[in-house]
Amino acid sequence: MFFFNIYGKLRRSLFGSCLWNQTWQPAGLVGALKNLLLSGKMASNVEAPDRWYLALLGFAEHFRTSSPPKIRLCVHCLQAVFQFKPPQRIEARTHLQLGSVLYHHTKNSELARSHLEKAWYISQQLPQFEDVKFEAASILSELFCQQNLVDSAKPLLRKAIQISQQTPYWHCRLLFQLAQLHTLEKDLVSACDLLGVGAEYARVVGSEYTRALFLLSKGMLLLMERKLGEVHPLLTLCGTIVENWQGNPIQKESLRVFFLVLQVTHYLDAGQVKSVKPCLKQLQQCIQTISTLQDDEILPTNPADLFHWLPKEHMCVLVYLVTVMHSMQAGYLEKAQKYTDKALMQLEKLKMLDCSPILSTFQVILLEHIIMCRLVTGHKATALQEISQVCQLCQQSPRLFTNHAAQLHTLLGLYCISVNCMDNAEAQFTTALQLTTHQELWTYIVTNLASVYIREGNRHQELYNLLERINPDHNFPVSSHCLRAAAFYIRGLLSFFQGRYNEAKRFLRETLKMSNAEDLNRLTACSLVLLGHIFYVLGNHRESNNMVVPAMQLASKIPDMSVQLWSSALLKDLNKALGNGMDAHEAAQMHQNFSQQLLQDHIAACSLPEHNLISWTDGPPPVQIQAQNGPTTSLASLL
């Protein structure tokens, strides 16, 4: 979770936040430089006490920007500064520079910590030395967090915040940083409190722009906490601030993107796929506007405005991502595939130049959605390989795995259902339930686990226990329109298998009513084909045909391979019963084609070494996956 970036700070040279790689102890270079500098070979208009320092900085910057960079010599130059017993200001700044280098580009965290602590200690004794003082505190707190010393980072940030109130830029930046730290610890209440403090401070110092950033960040956390009663007035206020603020066009449009992303994700979390369309369209138009605006190097006049939410390239990926989320929920899977391909291509380009962790988060979320699409469209082997790709990304980042472990096991559970490995599906869903505290994800997992118990047919008590917890008629655990509609479908499916057809029809008609209201095409198709099956069993062939034909049309549009297979089987039998020989033959041919496609994909998926992931239920993702002999389930049992 990233609340902000520092506006206009990414091109700072040697003496802001330095970007170098490694450090060695200075050797002969120090003496050579010292002799050169003391010989007086410097510009005559430079004061003598500054000559050696400026020369060392010049050498260091030259080595840093060489192609390829000469990092060893650069670091020697910085370390050589201490040979001259510099004044405290120079000493503190040099400690900060070395600490930054060591932190960002080496594994020598203890030495980095030592330099940063010295910079922080010395700078506190010096008047009007805010940049060094607060940058040292900021980087040192990051280092503490990297070392899992959060209890050391928090008081450091609190003290820096306390003494930075006369420095608007640093006060806001440190508030954002501490709020982000609380967010990563899942302490959203403390994070929201800090963001509220930041919003009020920004208002006092006359920065409506940064006030909006603080409030939008708070709104993001309130959405995560599902405090919808507080979200709505906050977003209304944010909308007013954003529209009234006059300033840098890119900053204004980035605020609008932030605001609209929150609105769109709020609608999608609520399963309101149709209602979100106007906001999503505004968001897409907004990102097109940003892409046409030219970046300028003019910094804002108010120091508190020196922030922006995300680089515009990251915002483009984010808009692709929410478009994929919408297309997936609505059942426009080809559109989801199109935007996923665009987003992943953009991400690959960005990751060659930018190591920001948020890019890996975007990549994982995109893959999670496209995997679900693959399972629906009958591309299980590709889905399995993409699940393995998510595992690899999570191996590279423990935090990424912590945040996505439940989703990863859920995806494996869905894959297991698709290849009829029901025991493994149950194990994966059970693991996922243990790993998540997210109420919507919990409900989604329980709904799918209930479908596993229904198919197994002998888990009655476990099934009823689950259904009581996702009763769509009474105390449904979440406000999601989509999940509630899915819960009605699960009830209808169970009633169908139990032969209680009138009850099944009631549940399925409720599903249809809800899915039609919000354009939930997959649920509509599933409900129609199941209703058609019920009417076929009851001997009402005309009514069955009226359900199955639109189900087939909708499933072809999505496309949903399982519903197409089911519909074609019903159409074959229906047309036989109605005496339509040619239509029955055509439906039989379609059913045969779908069966062959599914069989080939089934065999391909189960033959992959990644198929063994279905047995993984504990700990981090396995590093190596051993191949197995072949598929363990038959297509006959799958169908």
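**Figure 1. The whole chain at a glance.** Helices here are DSSP runs of H or I with at least four residues, and strands are runs of E with at least two. Counted that way, this predicted model has 28 helices and 2 strands. The chain has 639 residues, and 55% of them count as buried.

**Figure 2. A close look at Leu293 and what it touches.** You'll find Leu293 in the loop between α13 (277-292) and β2 (307-308). Its relative accessibility is 22%, so Leu293 counts as partly exposed. Leaving aside residues up to four places away in sequence, Leu293 touches Pro249, Ile250, Glu253 and Lys312. Pro249 is 44 residues away along the chain, yet its C-alpha atom sits 7.7 Å from that of Leu293.

**Figure 3. Tyr209 and Trp245, a tilted ring pair.** The chain has 15 aromatic pairs. In this one, the ring centres of Tyr209 and Trp245 are 5.0 Å apart and the planes meet at 35 degrees, so we call the pair tilted. Tyr209 belongs to helix α10 (residues 208-225), while Trp245 is in the loop between α11 (228-244) and α12 (249-269), so the pair links distant parts of the chain, 36 residues apart. Both Tyr209 and Trp245 are buried.

**Figure 4. Phe496 meets Tyr501.** Here the ring centres are 6.2 Å apart with planes at 50 degrees, so Phe496 and Tyr501 make a tilted pair too. Phe496, at 13% relative accessibility, counts as buried, but Tyr501, at 22%, is partly exposed.

**Figure 5. Arg506 over a ring.** Arg506 lies over the face of Phe507, 4.4 Å from the ring centre.

Terms used: Residues numbered from 1 in each chain as written. Predicted model: local features only at pLDDT ≥ 70, side-chain atom pairs only at ≥ 80, totals over all residues. Heavy atoms only, no water. Buried < 20%, exposed > 50% of the residue type's maximum accessible area, 1.4 Å probe, protein only. Contact = heavy atoms within 4.5 Å. Phe/Tyr/Trp six-rings, centres within 6.5 Å; stacked < 30°, edge-to-face > 60°. Lys NZ or Arg CZ within 6 Å of the ring centre and 35° of its normal.
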